[in-house]
Amino acid sequence: MSQYHIAVIVGSLRKDSFNRRLADAIVKLAPPEFSFMQVIIGDLPLYNQDDDETQAESVKRLKKDIESAQGLLFVTPEYNRSIPGVLKNAIDHASRPFGQNSWAGKPAGVLGASVGVMGTAMAQQHLRNILAFLGIPTLGQPEAYIHVTDDLFDEDGNIGEASRQFMQNWMDVYVAWVKRHAA
Ligand SMILES: Cc1cc2nc3c(=O)[nH]c(=O)nc-3n(C[C@H](O)[C@H](O)[C@H](O)COP(=O)(O)O)c2cc1C
């Protein structure tokens, strides 16, 4: 029986997204008391403060999904040395209206995969800045800057052998972090 329900926010809308594949694969390394659900951010309108009092149904759904979770897992690409606009849009939506920040206090982990060797390091740094402002206690170590290589995943979509020990350790530390900080 799952005690810890985790909202997973993937920062790519791409059909064959490496980051979505990473999110799908890493959750298999979690213990049975953890369950994960990828939240939908692709149907959110562009954030407009005028709409704060009349939020779209998709925004209300996002806020509910975040509020009902005990923890957060961000898995994002790097776009032009920062986070993708779709991710920032989703973060902004769920942070509002003023005083109703759905993210506050939810323990989080940050992962990112890139075809570039720096493995989303700069995007993650920008994301951490945003998460700190929103009052999200975010796991600091180990950092996980994932370079997408041919052996990152095996044929069944699991984390490949070469990265498995690293990713298992990351998940173990993340699990302990969520347990320590979940309300
Ligand atoms: C608009 C755009 C900007 C990008 N900028 C970066 C970048 O700054 N750093 C990087 O490592 N890769 C960059 N990339 C390449 C992405 O790492 C690559 O497209 C990756 O597959 C995106 O993640 P996804 O597979 O989860 O969609 C960029 C890609 C796009 C489309």
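## Helix H5

At 1.5 Å a residue, the 21 residues of helix H5 (residues 161–181) should span 30 Å, and the 31 Å between its end C-alpha atoms agrees with this; the expected span is taken as 1.5 Å times one less than the number of residues. Helices here are DSSP runs of H or I with at least four residues, strands are runs of E with at least two, and both are numbered from the N terminus. The model is a predicted one, in which local features need pLDDT of at least 70 and side-chain atom pairs count only at pLDDT 80 or more, while totals for chains, interfaces and linings use all residues. Residues are numbered from 1 along each chain as its sequence is written, and side-chain values use heavy atoms, with hydrogens and water left out.

The buried residues of H5 are Ser163, Met167, Trp170, Met171, Tyr174, Val175, Trp177 and Val178, where buried means under 20% relative accessible area, exposed means over 50% and partly exposed lies in between (1.4 Å probe, protein chains only). These buried residues pack against S1, H1, S2, S3, S4 and S5, contact being counted for heavy atoms within 4.5 Å.

## The sheet

Five strands form an open sheet in the order S2-S1-S3-S4-S5, with parallel pairing; two strands are taken to pair if DSSP finds at least two bridges between them. S2 and S5 are the edge strands, each pairing on one side only, and neighbouring strands are turned by 25° against each other on average, direction ignored. Helix H1 packs on this sheet, touching S1, S2, S3, S4 and S5, and its direction makes about 130° with that of S4. Such angles run from 0 to 180 degrees between N-to-C directions, the axes being lines fitted to C-alpha atoms, for helices over the stretch in contact.

Strand S1 (residues 4–10) is joined by 5 bridges to strand S2 (residues 34–38), which runs parallel to it. Within this pair, Ile6 stands opposite Phe36 of S2, and the chain crosses from S1 through helix H1 (residues 18–26) to S2 in a right-handed β-α-β crossover. A crossover is called right-handed if, with the strands pointing away from the viewer, the path from the first strand over the helix to the second runs clockwise.

Strand S4 (residues 108–114) is mostly covered, with 7 of its 7 residues buried. In a regular strand the side chains alternate between the two faces of the sheet. Ala108, Val110, Gly112 and Ser114 point one way from S4, whereas Gly109, Leu111 and Ala113 point the other way.

S4 pairs with strand S3 (residues 71–75) in the parallel sense over 4 bridges, and Ala108 in S4 is the bridge partner of Leu72. The chain passes from S3 through helix H3 (residues 85–94) to S4, again in a right-handed β-α-β crossover. S4 is also joined to strand S5 (residues 145–147) by 3 bridges, the two running parallel, with Ser114 opposite His147 in S5. S4, helix H4 (residues 121–133) and S5 make a right-handed β-α-β unit.

## Asn101

Asn101 is found in the loop between H3 and S4 and is partly exposed, with a relative accessible area of 25%. Leaving aside neighbours within four places in sequence, Asn101 is in contact with Ala94, Ser95 and Leu134.

Its side chain reaches the backbone oxygen of Leu134 at 2.9 Å, and a polar atom of the Asn101 side chain lies 2.9 Å from the backbone nitrogen of Trp103.

Conventions. A polar contact is a pair of N or O atoms within 3.5 Å; within protein, one must be able to donate a hydrogen and the other to accept it, and residues adjacent in sequence count only if both atoms are side-chain atoms.
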